[in-house]
Amino acid sequence: MDATLARVDVVVIGGGNAGLCAAISARRSGASVLVVEAAPKFYRGGNTRHTRNMRCAHDSATKILSGPYTQDEFFEDLLRVTQGQTDEVLARLMIRESQDMLGWIVEQGVRWQPSLGGTLSLGRTNSFFLGGGRAMLNALYLTAERLGVEVLYDTEVVEMEMEGGRCSGVLVRRPDGMHRISAKAVVAAAGGFEANIDWLKEAWGPSAGNFLIRGTPYNRGTVLKMLMDKGVETIRDPTQCHAVAIDARAPKFDGGIITRLDCVVFGIVVNNRAERFYDEGEDIWPKRYAIWGRLVAQQPDQIAYILFDASSLELFMPSLYPPIAAPTIAELAGKLGLDAEALTRTVEGFNAAVRPGTFDDKTLDDCRTEGLTPPKSHWARKLQTAPYYAYPVRPGITFTYLGVRVGADARMRMADGTGADNLFAAGEIMAGNVLGRGYAAGIGMTIGSVFGRIAGREAADHARH
């Protein structure tokens with residue numbers, strides 16, 4: 001390691017969206033900045049590589065968004081998905097700053113694409129990155145490097161030298177050995193612990209062995225655990241996380257967004273006993289897709305099957321893998337390894353409960369069931385047009401919510417109630433401050449960008465003084 005890199009104003013741990021926003025913000029505030037990234041360069045960026053969009057408030061339509069999506073509506077959506085489990089001060093701060101983030105991100109080289117229509121239903125609330133998350137990352141890295149931010153890849157933090165709420169040094173392991181970095185301020189943006197299966201099992205029990213990890217295998221919670229052991233105050237329940245139903249044929253790690261299934265609302269979902277277990281039409285997709293990971297996690301062997309017929313095949317974005325098809329429900333059951341009589345009985349019972357309505361996949365329509373438990377409240381149509389299709393799904397975890405508590409300046413709080421001296425946090429490692437439970441599309445990136453910018457600015461200010 002170059003000796004000059006061992007002493008910087010601000011060291012940022014983690015090179016995803018939150019870390020880069022922090023690094024750029026700190027550098028633009030006049031600080032010397034070093035980013036340490038555990039992954040090799042090709043896999044840099046944590047879960048940001050798999051993202052596509054960010055949820056932002058705006059008062060009227062823009063070039064990239066239909067509108068408006070007011071701060072109050074954003075907050076109401078957040079309250080709904082978290083069921084009130086959010087820090088209102090921090091949540092409103094995030095939402096207020098998200099409005100400005102649309103322009104700030106562009107100033108850092110990121111480009112937005114025009115609003116989307118079709119089945120995504122996100123053209124009003126979410127801004128999409130032109131080229132996706134990897135393109136966004138590349139733009140942020142390019143800007144950071146042009147500003148003079150140093151980046152070390154393959155660099156794992158193995159120890160934080162702390163006394164009380166002050167960190168005097170960070171020990172890292174690199175391919176050429178161990179090194180020490182001395183910094184005036186530290187920003188932790190190292191993600192959650194979703195790739196640490198043993199830690200997941202501590203919270204969820206043995207069933208966590210069947211979970212799939214949608215994102216990077218490098219988010220093992222190492223830095224989070226260090227901070228917890230050093231007396232930083234934690235927030236949220238270790239079982240709370242952003243988890244969706246993803247194709248059960250996806251790889252254990254890093255399957256990304258192309259393995260997600262968005263077709264729950266167009267069919268029915270059964271477990272491996274061929275039983276339905278939740279209202280598939282409770283609300284529109286962006287506000288409910290994130291509940292299905294936890295629902296599947298509660299089913300036997302943590303697997304379920306989304307069933308639909310030919311009438312719905314082209315209404316949603318498909319998985320990387322093709323659906324399993326059969327000319328009859330009984331034959332489909334055979335291909336899925338389900339009891340044919342039980343699945344036929346479930347589908348016939350559902351079809352009999354469907355009441356006539358006008359199907360509209362853009363709104364909460366009046367297609368519903370009657371006298372069925374659980375009901376299907378919207379978009380209920382009989383499964384009667386062959387061929388019949390199914391996707392097997394498992395819980396796919398994106399990130400965990402257990403994290404460090406922060407204040408409005410992104411400064412960590414210590415367990416004794418005091419503020420940390422020179423420790424700041426951004427992104428998934430502090431997402432639990434805003435997300436107590438549940439999820440709505442794009443909020444993860446909003447948390448990362450907003451608190452990344454704040455953490456970098458505040459860390460630089462601390463270093464100056």
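Reply: One term comes first: buried means under 20% relative accessible area, exposed means over 50%, and partly exposed lies in between (1.4 Å probe, protein chains only). By that rule Asp9 is buried, with a relative accessible area of 18%. Please note that this is a predicted model, in which local features need pLDDT of at least 70 and side-chain atom pairs count only at pLDDT 80 or more, while totals for chains, interfaces and linings use all residues. Residues are numbered from 1 along each chain as its sequence is written, and side-chain values use heavy atoms, with hydrogens and water left out.

Me: Where is Asp9 found, and which residues is it in contact with?
Reply: Asp9 belongs to strand 1, residues 7-13; strands (E, at least two residues) and helices (H or I, at least four) are DSSP runs numbered from the N terminus. Leaving aside neighbours within four places in sequence, Asp9 is in contact (heavy atoms within 4.5 Å) with Gly30, Ala31, Ser32, Ala183, Lys184, Ala185 and Ala463.

Me: What does Lys184 form with Asp9?
Reply: Lys184 and Asp9 form a salt bridge, with their closest N and O atoms 3.4 Å apart. The term denotes a side-chain nitrogen of Lys or Arg within 4 Å of a carboxyl oxygen of Asp or Glu. This pair links distant parts of the chain, since Lys184 is in strand 9 and Asp9 in strand 1, 175 residues apart. Lys184 counts as partly exposed, at 43% relative accessibility.

Me: How many salt bridges does a search of the whole structure find?
Reply: The search finds 25. One of them joins Arg55 and Asp77, whose closest N and O atoms are 3.8 Å apart. Arg55 lies in strand 3 and Asp77 in helix 2, so the pair ties together parts that are 22 residues apart in sequence.

Me: Are Arg55 and Asp77 buried or exposed?
Reply: Arg55 counts as buried at 2% relative accessibility, and Asp77 counts as buried at 5%. Together with Arg80, Arg55 and Asp77 are linked in a network of salt bridges.

Me: New topic. How is the chain divided into domains?
Reply: Domain 1 covers 4-239 + 402-464, and domain 2 covers 243-396. These bounds come from an automatic or database domain assignment. The centres of the two domains, taken over C-alpha atoms, are separated by 33 Å.

Me: How much area do domain 1 and domain 2 bury between them?
Reply: They bury about 2600 Å², 56% of it on carbon and sulfur atoms. Buried area is the accessible area (1.4 Å probe) that two parts lose on being put together, summed over both. In terms of contacts, 30 residues of domain 1 meet 30 residues of domain 2.

Me: Which salt bridge or polar contacts does the rule find across that interface?
Reply: The rule finds one salt bridge between domain 1 and domain 2. It also finds twelve residue pairs in polar contact there (both at pLDDT 80 or more). A polar contact is a pair of N or O atoms within 3.5 Å; within protein, one must be able to donate a hydrogen and the other to accept it, and residues adjacent in sequence count only if both atoms are side-chain atoms.

Me: Which residues does Tyr43 touch?
Reply: Not counting residues up to four places away in sequence, Tyr43 touches Glu37, Arg49, Tyr218 and Asp254. Asp254 and Arg49 have side chains that meet in a salt bridge (2.9 Å, N to O). Tyr43 counts as partly exposed, at 35% relative accessibility.
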